[in-house]
Amino acid sequence: MTSHKAPRRMPNPAPLKKVLIAAGAYVIAIIFIFPYLQMIIAALRPREEQREALYLPSSFHWSAFTEFWSGGLAGNLLVTLEVAAGSTILVLLVALPAAYYSARHNFRGRMVFLFLVLITQMFQPTAMLVGIYREFAQFGMVDSVWSLILVNGGFNLAFAVWILHAYFASIPRELEEAAAMDGSGRFGVLFRVTLPLAMPGVVTALIFTFIAAWNEFVVALTLTTTPENQPLTVALNSYIGQYQVDWQSLFAGSVIATIPVIILFALIERKVVSGLTAGSIK
Amino acid sequence: MQQMPALKRVARKLEPLAWIGPAMVLIAVVVVWPVIEMIRSSFLKISRFGVVQGSNGTGNYAKLFDEADFGGVMIRSVIWVVAVVALTVLISLGLAQLFNQRFPGRRVTRWALIAPWAASVVMTSIMFKWMLDPEVGLINMIRRDLGLIDALGGADADPLGAASTAMPWLIAVAVFVSVPFTTYALLAGLATIPAEVYEAARVDGASRWRTYWSVTLPLLRPALTVAALINVMNVFNNFPIIWVMTHGQPGYSTATSTIFMFILKGSDIGESAAMSVVNFGMVIVLVAIFLKVTNWKTEVPR
């Protein structure tokens with residue numbers, strides 16, 4: 001009886017509170033995507049209105065995107081793609097065996113290795129830019145896409161090792177032993193049992209590395225000298241400094257450089273925090 | 001026949017090397033070597049074009065510490081890190097609490113929060129620079145229409161033109177790109193707090209604030225500490241925001257130590273290396289604090 005009366009007597013505060021919470025969250029959500037909405041709107045502006053103080057353009061045009069592919073920035077997009085894909089492949093090739101072995105075996109130097117990986121995660125290329133530049137200048141690799149792949153691979157190794165390490169460690173050893181008893185060799189077990197089970201971790205490591213290398217700026221700014229060899233982040237920024245800026249291409253390039261990675265990132269969002277804070281909290 | 005076991009033993013000993021060797025080589029080439037090269041360069045006299053002209057002793061350091069802007073740059077770096085991290089943590093604590101509630105559309109709003117985290121900091125900075133443009137910037141248009149500035153294109157319409165107005169904007173952009181990760185890390189921390197704890201607090205008649213202050217916050221501390229330290233590291237090393245938006249100008253008035261180091265690289269590589277070593281020393285101190293606070297050895301993932 002009383003339980004029936006209670007909700008009627010109260011002015012039903014729960015729904016109102018819920019509306020306020022939702023409204024606040026929506027406002028914050030809009031604030032956080034606002035610059036990227038602006039980016040899209042700016043790319044769709046007609047060319048004549050690029051330097052006018054308008055809240056919204058009079059009409060929307062796709063031409064910036066269709067023209068982008070014949071412009072100079074398309075070459076920079078290709079560099080970005082090469083660096084991101086190359087770094088991702090490098091990281092997976094190097095991190096997979098290391099993460100698997102250190103998760104499965106206790107060997108001398110295991111702690112040293114894991115410690116080194118954690119240290120690598122803490123250090124960022126910005127702090128040692130001069131050293132990186134001097135080293136690759138000695139190798140004669142300044143302005144080469146390979147040096148960007150190497151540096152991006154090295155600094156993103158830690159995240160991939162942590163994520164993969166956690167996945168391999170969570171796969172029961174008995175599962176591998178059972179498969180081994182069925183007659184699969186060591187590598188047969190690895191490829192047919194372990195790796196498929198660790199696939200979510202592999203995908204997370206893959207996407208995270210790809211995005212990090214795709215977005216990288218400081219190393220590329222330091223190690224590339226000719227405009228054609230610069231990835232999109234560097235090329236777009238130096239574009240602004242020029243006397244006559246083709247704003248439409250600039251914003252089209254920004255949209256192409258930004259929106260795909262935001263969507264990719266949404267796919268792995270849940271797993272990223274654990275990878276970034278691994279080694280400290282479980 | 002006799003050699004076989006010995007060979008096998010050697011092979012077994014070398015086995016770890018085959019698996020983790022490539023990772024070690026990559027770390028050595030990309031992380032360890034540059035550190036050594038950087039420290040070595042800081043004691044060398046190097047021409048603008050990279051030719052080593054012999055040892056310079058501690059000359060590079062002496063020249064660096066004598067720079068008129070050095071003190072200001074260092075103080076600004078500290079203010080930059082403290083202001084950005086403090087604001088980020090405070091805002092993220094609030095946002096984590098908000099996004100931890102159930103409401104329709106929570107998934108979508110959480111996705112929106114990801115955008116600045118996933119997007120390149122360079123792109124975000126370019127957009128903010130554009131929105132602050134003295135002639136066509138959206139933020140300036142809003143300021144004009146609210147009656148805060150008289151006209152677009154005037155000196156007061158260029159927030160990035162003077163250090164006193166540029167620095168707050170740079171800090172705001174840095175907070176903007178740091179909040180998403182921090183909020184997510186805190187949300188992960190909130191998820192580990194069992195519901196029974198809140199139930200117990202409710203039974204005890206604790207008020208909402210009291211519950212937050214004496215239950216939620218202490219239990220959130222591990223996540224908060226790690227998120228804050230990762231932020232300190234990221235913000236200290238942050239280069240693109242300032243570089244894209246002001247280049248450290250006017251003068252060196254918005255330059256932090258990484259910006260100063262990069263500008264020096266154009267004129268004196270040895271001095272720039274000295275600045276890097278100073279930076280690096282501070283990073284090492286931060287890493288040491290990180291390892292100490294998180295008690296790394298006992299908590300390493302197995």
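User: How many residues of chain B are in contact with chain A?

Analyst: Two residues are in contact if their C-beta atoms, placed from the backbone, lie within 7 Å. Here, 77 residues of chain B are in contact with 79 residues of chain A. This is a predicted model: local features need pLDDT of at least 70, side-chain atom pairs count only at pLDDT 80 or more, and totals for chains, interfaces and linings use all residues. Residues are numbered from 1 along each chain as its sequence is written, and chains are lettered from A, with ligands numbered from 1, in the order in which they are written.

User: Which helix gives the largest share of the side of chain B that touches chain A?

Analyst: Helices are DSSP runs (H or I, at least four residues), numbered from the N terminus. Helix 1 (residues 3-41) of chain B gives the largest share, 16 residues.

User: How do the residues of that side of chain B divide?

Analyst: Ala, Val, Leu, Ile, Met, Phe, Trp, Tyr, Cys and Pro count as nonpolar, Asp, Glu, Lys and Arg as charged, and the others, Gly among them, as polar. The side of chain B that touches chain A has 59 nonpolar, 13 polar and five charged residues.

User: What are the domains of chain A?

Analyst: Domain bounds come from an automatic or database domain assignment. Chain A has domain 1 (2-61) and domain 2 (65-277). Their centres, taken over C-alpha atoms, are 34 Å apart. Seven residues of domain 1 of chain A are in contact with seven residues of domain 2 of chain A. On the domain 1 side, five are nonpolar, one is polar and one is charged.

Definitions and conventions
Helices (H or I, at least four residues) and strands (E, at least two) are DSSP runs, numbered from the N terminus.
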